[in-house]
Amino acid sequence: MVSIPKNFSFSTQTPSTQTPHSGYHWDGSDRRFFEGWYYRVTLPAGDTFAFMYSIEDPIGGKTHSGGAAQILGPDDKYLWRTYPDVKRFWASPTQLALGHWGQTDLETQANWLSPDEFDRHIQQGYQATATWNQGIIRDPANNGYCRWQYEIQPIYGWGDRGRIQQSTAGWLSSLQIFEPGWQILMAHGLATGWIDWYGKRYEFTNAPAYSEKNWGGAFPQRWFWLNCNSFDDEPDLALTAGGGRRGVLWWMESVAMVGLHYRGKFYEFVPWNSEVTWNIQPWGCWQMQARNADYEVILTGTTDLSGTPLRAPTQNGLVFCCKDTMRGQVSLQLYSCRGGKKSILEATSSVCGLEIGGNPWDSAWQK
């Protein structure tokens with residue numbers, strides 16, 4: 001079912017930042033299944049890279065069986081490759097660790113390689129953990145390529161610093177009743193290494209990094225997402241917010257959440273502890289507001305850019321069904337509601353990730 005790397009030490013992931021659902025979820029059955037991982041790094045000059053890895057129907061032999069790697073690079077430029085051989089995919093069921101070999105001279109079972117071994121033997125593919133991201137993909141149609149190698153120091157998982165980390169969808173997510181599952185793996189970290197993008201080499205030290213994942217039978221019918229951990233004059237602030245129309249057992253529901261990590265504290269606004277409202281345009285403007293007994297948060301994301309279509313797993317396989325920019329504007333206000341409304345934080349950024357997905361998006365989605 002899963003190839004667990006025998007020569008990789010999982011001790012590199014610190015318990016204080018490891019979240020639930022870090023491991024691979026496939027149970028070995030032949031039901032429709034995908035799992036996807038998202039890594040992002042934001043560079044000082046405002047350039048940002050998002051790496052998206054996915055595997056579908058890993059049992060093999062099905063119409064949509066196979067994997068892919070997608071990259072959204074500087075100026076929202078897009079690069080991707082597929083890896084049809086599911087036997088060259090590996091992942092750990094207990095920790096965040098995965099990889100997929102595309103073109104290689106190795107005949108052995110796919111597993112973790114040392115960075116030097118990977119460079120010598122893998123002509124196309126990737127491998128990633130909680131503290132490492134490495135790979136190379138090429139597009140023969142335009143001679144484009146990306147090669148990357150960087151290590152990650154996790155700062156925030158999903159919860160208060162130094163405490164047990166939380167499931168993004170709450171404790172019920174362990175019962176696999178949601179379709180799909182969603183987990184922020186690392187709300188904030190620091191990345192050091194390099195990325196070679198179409199011949200331009202970007203070197204960076206302690207650049208803001210982020211990771212999350214999804215798993216299940218397909219993405220939501222409709223969704224939106226905001227993400228930023230590189231704010232102006234606020235290096236210890238990370239935001240992830242989103243909502244969607246998802247399956248829960250035999251019915252559908254529309255839900256949304258906002259999560260903030262700021263100066264060691266986790267501010268969580270979710271349906272079971274807060275009132276969350278939103279007004280999301282078909283493109284260009286994302287507005288959210290959430291309030292509970294103690295705090296209130298107000299978010300506004302905007303962009304004049306056209307956005308880049310990206311692929312996501314659906315019932316019909318990996319197809320274009322969402323649109324992103326990594327250069328959105330965002331403003332954030334956080335208030336304390338104890339004993340009167342008092343401002344805790346006001347922050348802005350011009351490198352916010354903004355996304356809409358699914359359909360229909362012919363009008364604003366409000367709640």
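Predicted model: local features only at pLDDT ≥ 70, side-chain atom pairs only at ≥ 80, totals over all residues.
How many aromatic pairs does the count come to by the ring-centre rule? The count comes to 26, where rings of Phe, Tyr and Trp (its six-membered ring) pair if their centres lie within 6.5 Å, and planes under 30 degrees apart count as stacked, over 60 as edge-to-face and the rest as tilted.

Residues are numbered from 1 along each chain as its sequence is written, and side-chain values use heavy atoms, with hydrogens and water left out. The mean pLDDT (the predictor's confidence in each residue, from 0 to 100) of the protein chain is 92, and 92% of its residues reach 70 or more. Over residues 1-8 pLDDT stays under 50, and for this stretch the model has 24 contacts beyond four places in sequence, a contact being heavy atoms within 4.5 Å.

**View 1. The open sheet of 11 strands.** The strands (DSSP runs of E with at least two residues, numbered from the N terminus) follow the order β4-β3-β2-β1-β12-β11-β9-β8-β7-β6-β5 with antiparallel pairing, two strands being paired if DSSP finds at least two bridges between them. Because β4 and β5 (89-91) stand at the edges with a single partner strand each, one side of each is left without a neighbour in the sheet. Neighbouring strands are turned by 20 degrees against each other on average, direction ignored, with axes taken as lines fitted to C-alpha atoms and angles running from 0 to 180 degrees between N-to-C directions. Within this sheet, β9 (residues 144-156) and β11 (residues 181-197) run antiparallel and are joined by 10 bridges, with Y150 opposite G193 in β11.

**View 2. Strand β3 and its two partners.** All seven residues of β3 (residues 66-72) are buried, that is, under 20% relative accessible area with a 1.4 Å probe and protein chains only, where over 50% is exposed and anything in between partly exposed. Antiparallel to β3, strand β2 (residues 48-56) is joined to it by seven bridges, and S54 stands opposite A68. Six bridges pair β3 with β4 (residues 78-83), again in the antiparallel sense, and L72 stands opposite Y78. The hairpin of β3 and β4 has five residues between the strands, with D75 in the turn at a positive phi of about 60 degrees.

View 3. F51 is found in strand β2 and counts as buried because its relative accessibility is 0%. Leaving aside neighbours within four places in sequence, its contacts include W37, Y39, V41, I71, W148 and I195. Of the 38 residues in the largest nonpolar core, F51 is one of those that touch the most other members, a core being a set of buried Ala, Val, Leu, Ile, Met, Phe, Trp, Tyr and Cys residues joined through side-chain atoms within 4.5 Å. Ring pairs also link F51 into a cluster with F49, W148, Y150, W197, Y198, Y202 and F204.

**View 4. Two edge-to-face tyrosine pairs.** Y38 and Y210 are 6.2 Å apart centre to centre, with 75 degrees between the planes; Y38 lies in β1 (residues 34-42) and Y210 in β12 (residues 200-216), 172 residues apart. Y38 is buried at a relative accessible area of 9%, and Y210 at 1%. For Y267 and Y295 the corresponding values are 4.9 Å and 90 degrees, and both residues are buried.

Conventions:
Helix = DSSP H or I, 4+ residues; strand = E, 2+ residues; numbered from the N terminus.
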